[in-house]
Amino acid sequence: MTVSNSTTPTTQLSQTELLPIVVVGHVDHGKSTVIGRLLTDTDSLPQGKLEQVKANCQKNSKPFEYAFLIDALKDEQAQGITIDSARVFFKTQKRKYIIIDAPGHIEFLKNMVTGAARAEAALLVIDAKEGIRENSKRHGYLLSMLGIRQVVVVMNKMDLVDYSEKVFDQLVDEFQKFLLKVDIEPVVFIPADARQGGMIVERLAQMEWYQGPTVLEALDRLESGISNKQLPFRMPVQDVYKFTNFGDDRRIIAGTVASGQISVGDEIVFYPSGKKSIVAGIERFSAPQKTQASSGEAVGLTLADQVYVRRGDVAVLSHESAPKVSSRVKANIFWLGKDDLCKSKRYVLKIGTAKTVCWVEEILKMIDAVDLTEHFGGERVLRHQAAEVVLCLERAVAFDRIDLTKETGRFVLVDGYHIAGGGIILEGFEDQFEQFRDEAFYRNYKWIKSDIAQEQRKERYGQQPRLILITGEAGERRKDIARALEKKLFEQGRLVYFLGIGNVIHGVDADIQDQEGMGQEHLRRLAEVANLMLDAGMILIVTGIEFSQNDLNVIQAIVDSDLIKVVWIGNNSKPDISYDLRIPLEMSDLQGMEEIREKLI
Ligand code: GTP
Ligand code: MG
């Protein structure tokens, strides 16, 4: 067996470079021991730590384990750690590392799919005596799915197989076959005796037959996220902060650059809305201003003119390749939920900083992550199963292929309050709202901006613009409630308008009024009119008979969906539309009007 010595460039990189690595593998195969050894043998432990942990073991008359070091460090670092696996740091002459230890199977999977691990490379540890076990494979599958392609395989506990080259070669052979099927070509396979420290940092006389790099050498040869710099710029918007100084209406768009770089003066476009501006400044948290930022940096962007941006949008440079936008996607998922993933249920999908309700339209195939067998079709996905599915999203999201940018390529699925799965988007399908979305994108992109900022209008009118859509079963009550609401708000000094659909149909729509099959065009025009009035800062009330979810989706593709509130009047609590407020039929118009005013405006 020959082992590739080095396939990666060994250019000298800066000391500030940080490479996150996750250590995975089957239970008890020696993950924590490998890490403990790495820390010890590179003198990375706090002074006296090793002695302290050893003394502790002696006191409690239990044998010392390198894994205990991780626990001891974990306790020390407990504050400020938001993930449940231990993260330890060490550095070599080349760069710094964050090593993510994954205690137990479930934790690891969760950390992997939530992206908390953010690993760029992995050490996959296998017990040479026990051989390749199901989690050796399952973890390999997940690394591949999540786009972590740099994998160093450590065949550990070689002492238990008499440091046999033959056993090593057999294991390499067997595991390589599996990894090939999941599209991973390991950087190197390393035989090790972590307990003694063999081939972790120091070489070991008993394995002179092995000429390849030690674990430490292999780590230093990995490529780091620096290469992300060359990718197109992506920054999921984390938050939008307002300057509080009097008369200052600037905002800071905060986020972490996921890939690429950005400079002051660049033209920036937000997806999926298409809102566009120029980067005026790049601020950093308690650090001097910069004119440039790149992958991994947390920054706050100020823009030359104010556009409405919100958490979940993805900032992109207008001259670089665009992300995809869709509300219907093909995805590869891995399910962790206690309850099965089923078609009838709604989940929340989180990608980057965006969040939307979603459901499974179709299970295309189920994949066993251990033996890689595939079953086509199916109604539910069980825990620890992988599957290819079609997901429908309530709101379109921007995304990239996983090999482009992990932050905009990975998502998690939340069931109730729990992360129940995760995956990657393989492709976006055309959905029936695409045409509307594209058109709204282009309209926003071309928008002629006013010198009066949205903020100034809000301040002047003392209100947030809103589109209140009142729909439902009951005859004329929608209009009665709408009128009462308009009157009340008007009397309170609000800028408000009740737009009867008839007013649009007989005016803006006069040319298509009697034409068949123009339903969506009517909606599109209504939504464009609403968009203008919302931009003017108005609270707009629109009524319609039994709007469906489809109708709402058309309107949402055109109008900023954050500004839309849906009121359903009727006793059916599960109509074919997701609403923000339901007014039961027995409630009086006056009461209903007050409900809307209190809860939605
Ligand atoms: P979990 O976190 O529980 O999944 O286990 P782990 O993979 O972190 O394994 P850990 O490092 O805790 O090691 C498990 C056991 O294997 C411990 O008793 C270690 O001392 C032992 N072990 C680790 N490496 C070696 C080795 O190279 N040789 C031998 N003989 N034992 C080892
Ligand atoms: Mg462990």
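Guide: Let's start at His384, which sits in the loop between strand E21 (380-381) and strand E22 (386-399). Keep in mind that this is a predicted model.

Visitor: OK, what's the phi of His384 like?

Guide: Positive, about 70 degrees, although His384 is not a glycine.

Visitor: And is His384 buried or exposed?

Guide: His384 counts as buried because its relative accessibility is 19%, and the cut-off for buried is under 20%.

Visitor: Which loop holds Lys157?

Guide: The one between strand E5 (150-156) and helix H6 (165-181). Lys157 is not a glycine either, yet has a positive phi of about 55 degrees. With 22% relative accessibility, Lys157 counts as partly exposed.

Visitor: Where's the cis peptide bond?

Guide: From Tyr271 to Pro272, with omega near 5 degrees. Pro272 is in the loop between strand E10 (267-271) and strand E11 (276-284).

Visitor: Switching to ligand 1: how many residues surround it?

Guide: 17, and the closest are Lys31, Ser32, Thr33, Glu65 and Asp159. Helix H1 (residues 31-41) gives the largest share of that shell, three residues. By class, the shell has seven charged, six polar and four nonpolar residues.

Visitor: What about polar side-chain atoms, say on Thr33?

Guide: One lies 2.5 Å from an oxygen atom of ligand 1. For Lys31, a side-chain N or O atom is 2.8 Å from a ligand 1 oxygen, and for Asp193 a polar side-chain atom is 3.2 Å from one.

Visitor: How much of ligand 1 does the protein bury?

Guide: 84% of the 650 Å² that ligand 1 exposes when taken alone.

Conventions: Residues numbered from 1 in each chain as written. Chains lettered and ligands numbered in written order. Predicted model: local features only at pLDDT ≥ 70, side-chain atom pairs only at ≥ 80, totals over all residues. Heavy atoms only, no water. Helix = DSSP H or I, 4+ residues; strand = E, 2+ residues; numbered from the N terminus. Buried < 20%, exposed > 50% of the residue type's maximum accessible area, 1.4 Å probe, protein only. Near = heavy atom within 4 Å. Polar contact = N/O pair within 3.5 Å; in protein donor to acceptor, adjacent residues only side chain to side chain. Areas by Shrake-Rupley, 256 points an atom, 1.4 Å probe, with all protein chains shown as cover. Nonpolar A, V, L, I, M, F, W, Y, C, P; charged D, E, K, R; others polar.
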